[in-house]
Amino acid sequence: MSNIDRRTLVKGSLAALMAGAAFSRAALAQSSEPILLGVSGPLTGPNAQYGTQWKQGFDLALDEIEAAGGINGRKLAYNFEDSQSDPRQSVAIAQKFVSDPRIVMELGDFSSPASMAASPIYQRGGLVQFGFTNSHPDFTKGGDFMWSTSVSQADEQPLLAAYAVKRLGLKKLAVLHLNTDWGRTSRDYFVKAAKEHGAEIAVTEGYIAEERDFRSTLVRVRDANPDGLILISYYSDGALIARQARQVGLKQVICAASSVYSPKFLELGGEAVEDVHVGTRYFPEDPRPEVQTFIAGFKKKYNGVEPDAFNAYAYDAMNMAAAVVRIGGADRRAIRDAFTKVKDVSSVIFGKATFDVESRRVKGAMNAELVVRKGQFALWDGKPT
């Protein structure tokens with residue numbers, strides 16, 4: 001083939017791609033059918049509460065998107081498949097979504113292991129997997145169809161270590177963590193950063209998600225005589241650990257990862273979580289208009305219920321999905337490319353969200369250092385607990 005022929009072929013291919021993208025956007029504008037997203041996440045099983053919180057955040061965002069005219073006049077909708085956050089289920093759901101031409105993008109799964117098990121299917125199928133709660137650093141390394149607005153544990157856990165060691169002055173730590181890929185990865189990043197700040201790790205203890213009796217673990221922690229307990233947990237197990245820690249006589253300072261941040265942590269933990277310190281990416285007292293608009297809308301829709309971080313993550317994710325579909329239309333590859341083009345999307349967690357193309361994550365999440373005082377989360381004032 002001559003050089004002229006090759007140039008003609010390349011130009012023709014580029015023209016076809018551009019025409020295809022234009023056709024996709026034109027079809028998007030002309031069709032009256034809803035634009036359909038697939039959601040893979042837990043509606044039953046030990047993490048079911050997070051799927052419920054996702055739906056609340058999604059639905060609030062969709063109300064606002066529809067009120068603003070939708071996506072070129074069309075509704076945005078989602079099909080939520082229950083994975084129980086189980087990798088075996090997430091793989092089956094991925095196969096279903098990839099083979100369904102109506103699905104233009106996938107959101108989920110809840111846990112990084114469940115998402116990462118399904119990533120090869122989404123990558124081969126050319127369907128974006130938007131893992132908006134997937135903080136494992138390796139999630140977005142699965143391919144160029146993997147994107148996330150979750151803060152990586154490589155960035156998050158050093159913030160928690162700095163809070164515990166540099167700000168609270170803790171020197172000898174016991175680390176309790178979920179014995180999952182997410183929990184172990186978070187532990188490793190935390191331990192590395194804490195040691196770099198000069199802390200000693202007295203003991204690390206993993207536990208399974210279904211565990212409810214932590215007393216034998218906490219006795220071993222007590223025997224190690226730490227001056228602080230670090231919880232790499234979700235709010236339900238974190239609250240239970242705090243309760244049982246106080247019951248076995250552990251009075252040390254507790255410092256917990258942002259994953260416990262929720263009004264439910266206060267409700268489930270009661271007096272036992274008083275004076276617990278939490279680093280978080282979301283805090284409702286943040287005066288930014290993105291935060292206050294979200295909270296006001298959530299309370300209005302859900303009869304005064306206070307939103308938590310997982311509601312905010314889902315709300316942000318649906319708004320980001322709308323932003324990329326407006327650019328990419330109904331074409332799956334064009335949607336992938338649209339993630340590189342969206343700029344300054346309004347976000348509760350980030351303020352204005354723009355993706356770093358190399359990491360396929362958003363940089364610049366807020367960081368608030370909180371403490372539970374009188375049954376409420378409050379900005380830590382620097383005073384000892």
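Visitor: With which side chain does the side chain of Arg281 make a polar contact at 3.0 Å?

Guide: This is a predicted model: local features need pLDDT of at least 70, side-chain atom pairs count only at pLDDT 80 or more, and totals for chains, interfaces and linings use all residues. Residues are numbered from 1 along each chain as its sequence is written, and side-chain values use heavy atoms, leaving out hydrogens and water. A polar contact is a pair of N or O atoms within 3.5 Å; within protein, one must be able to donate a hydrogen and the other to accept it, and residues adjacent in sequence count only if both atoms are side-chain atoms. At 3.0 Å, the partner of Arg281 is the side chain of Glu156.

Visitor: Which side chain makes a polar contact with Arg281 at 2.3 Å?

Guide: Arg281 sits in the loop between β10 (277-280) and α10 (289-301). Helices (H or I, at least four residues) and strands (E, at least two) are DSSP runs, numbered from the N terminus. The side chain in polar contact at 2.3 Å is that of Asn367.

Visitor: Is Arg281 buried or exposed?

Guide: Contact here means heavy atoms within 4.5 Å. The class follows from relative accessible area: buried is under 20%, exposed over 50%, partly exposed in between (1.4 Å probe, protein chains only). Arg281 has 4% relative accessibility, so it counts as buried.

Visitor: Which residues does His136 touch?

Guide: His136 is in the loop between β4 (129-130) and β5 (146-147). Its relative accessibility is 6%, so His136 is buried. Leaving aside residues up to four places away in sequence, the residues it touches are Ser112, Met116, Asp181, Thr185 and Arg361.

Visitor: How many Å separate the C-alpha atoms of Leu266 and Ala239?

Guide: Leu266 belongs to helix α9 (residues 263-269). It counts as buried because its relative accessibility is 14%. Its contacts, not counting residues up to four places away in sequence, include Val372 and Phe377. Ala239 is 27 residues away in sequence, and the C-alpha to C-alpha distance is 7.6 Å.

Visitor: How many Å apart in space are Gln49 and Asp144, C-alpha to C-alpha?

Guide: Gln49 is part of helix α2 (residues 48-67). With 23% relative accessibility, Gln49 counts as partly exposed. Beyond residues up to four places away in sequence, it touches Tyr235 and Ser236. Asp144 is 95 residues from Gln49 in sequence, with a C-alpha separation of 30 Å.

Visitor: What is the phi of Gln84?

Guide: Gln84 occupies the loop between β2 (76-82) and α3 (87-98). At 37% relative accessibility, it is partly exposed. Gln84 is not a glycine, yet its phi is positive, near 55°.

Visitor: Is Asn225 buried or exposed?

Guide: Asn225 is in the loop between α7 (215-224) and β8 (228-232). Its phi is positive at about 55°, although Asn225 is not a glycine. Its relative accessible area is 52%, so Asn225 is exposed.

Visitor: What is the radius of gyration of the protein?

Guide: The protein has 12 helices and 16 strands. The globule rule, 2.2 Å times the number of residues to the power 0.38, goes with a radius of gyration taken over C-alpha atoms. For 385 residues the rule gives 21 Å, so the protein is as compact as a globular protein of that length, with a radius of gyration of 22 Å.

Visitor: What percentage of the 385 residues is buried?

Guide: The C-alpha trace spans about 75 × 50 × 35 Å along its principal axes. Among contacts with a separation of 6 or more, 68% join residues 24 or more positions apart. Of the 385 residues, the buried share is 54%.
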